[in-house]
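Colleague: Please pick one part of this model and take me through it closely. Then set that part against the rest of the chain.

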Amino acid sequence: MSKALIGTIVSLFLAIICWVAELVTYPSNFETALVLSAVCFSILFICLLCVSIVKRVNKNVSAYRIFAITDIVIGFGSFLFAVYDIITTADSEYFPGVDGWLLLFFVIPSVFLLLLSDYVIYRKIKK
């Protein structure tokens, strides 16, 4: 088993644990921390899954680049959907653009945190 595949499995289990903990302890003081960690682990799972799939196809590709590209695509798509949701539901609902604002407050910082950590790890290993 490759390191990326082991990381993928671990991040999947951590994401499931965080989502279940969020559902079980819903009215608590740790909702924001649980949601942020669950979103981070879910995005990490998707990025590591893409890394392990691409590494199976082509072993010469940099895992850090694949991770960064996947993370940027997730972040850009989330940002576009958030802006679209905020603009299109401005006058139509009771809480206009709630999904978009939640994406902006939870997903975009998680994407940035994962991208920053990927860059730091890449720089440390490159030396």
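Modeller: Start with Trp-101 and Phe-105, which lie four residues apart in helix 4 and so are separated by about one helical turn. An α-helix has 3.6 residues a turn, so residues three or four places apart point the same way. Helices here are DSSP runs of H or I with at least four residues, strands are runs of E with at least two, and both are numbered from the N terminus.

First, the ground rules. This is a predicted model: local features need pLDDT of at least 70, side-chain atom pairs count only at pLDDT 80 or more, and totals for chains, interfaces and linings use all residues. Residues are numbered from 1 along each chain as its sequence is written, and side-chain values use heavy atoms, with hydrogens and water left out.

A search of the whole structure finds three aromatic pairs. One of them is Trp-101 with Phe-105: the pair is stacked, at 6.0 Å centre to centre and 25° between the planes. The rings of Phe, Tyr and Trp (its six-membered ring) pair if their centres lie within 6.5 Å; planes under 30 degrees apart count as stacked, over 60 as edge-to-face, the rest as tilted.

How covered are these two side chains? Trp-101 is partly exposed, because its relative accessibility is 41%. Phe-105 has 56%, so it counts as exposed. The classes are buried (under 20% relative accessible area), exposed (over 50%) and partly exposed in between, with a 1.4 Å probe and protein chains only.

Now the helix itself. Helix 4 has 29 residues, which should span 42 Å at 1.5 Å a residue; its end C-alpha atoms are 41 Å apart, which agrees. The expected span is 1.5 Å times one less than the number of residues. Helix 4 does bend, by about 30° at Leu-104. That bend is the angle between axes fitted to the seven residues ending there and the seven starting there.

Helix 4 also has a buried set: Gly-100, Leu-103, Phe-106, Val-107, Ser-110, Val-111, Leu-114 and Asp-118. These residues pack against helix 2 and helix 3. Contact means heavy atoms within 4.5 Å.

Next, helix 2, one of those partners. Helix 2 covers residues 31–57 and reaches 39 Å between its end C-alpha atoms, close to the 39 Å expected. Its buried residues include Leu-34, Val-35, Ala-38, Ile-43 and Leu-48. Their cover includes helix 1 (3–24), helix 3 (63–88) and helix 4 (98–126).

Two cysteines of helix 2 are buried as well, Cys-40 and Cys-47. The whole structure has zero disulfides. Cys-40 is in none, as the nearest cysteine sulfur, in Cys-18, is 9.5 Å away. The cut-off for a disulfide is two cysteine sulfur atoms within 2.5 Å. Cys-40 counts as buried because its relative accessibility is 15%. Cys-47 is at 0%, so it is buried too. Its sulfur lies 6.7 Å from the closest cysteine sulfur, in Cys-50, too far for a bond.

Finally, the whole chain. There are four helices and zero strands. The C-alpha trace spans about 50 × 30 × 25 Å along its principal axes. Of the 127 residues, 29% count as buried. Among contacts between residues at least 6 apart in sequence, 59% join residues at least 24 apart.
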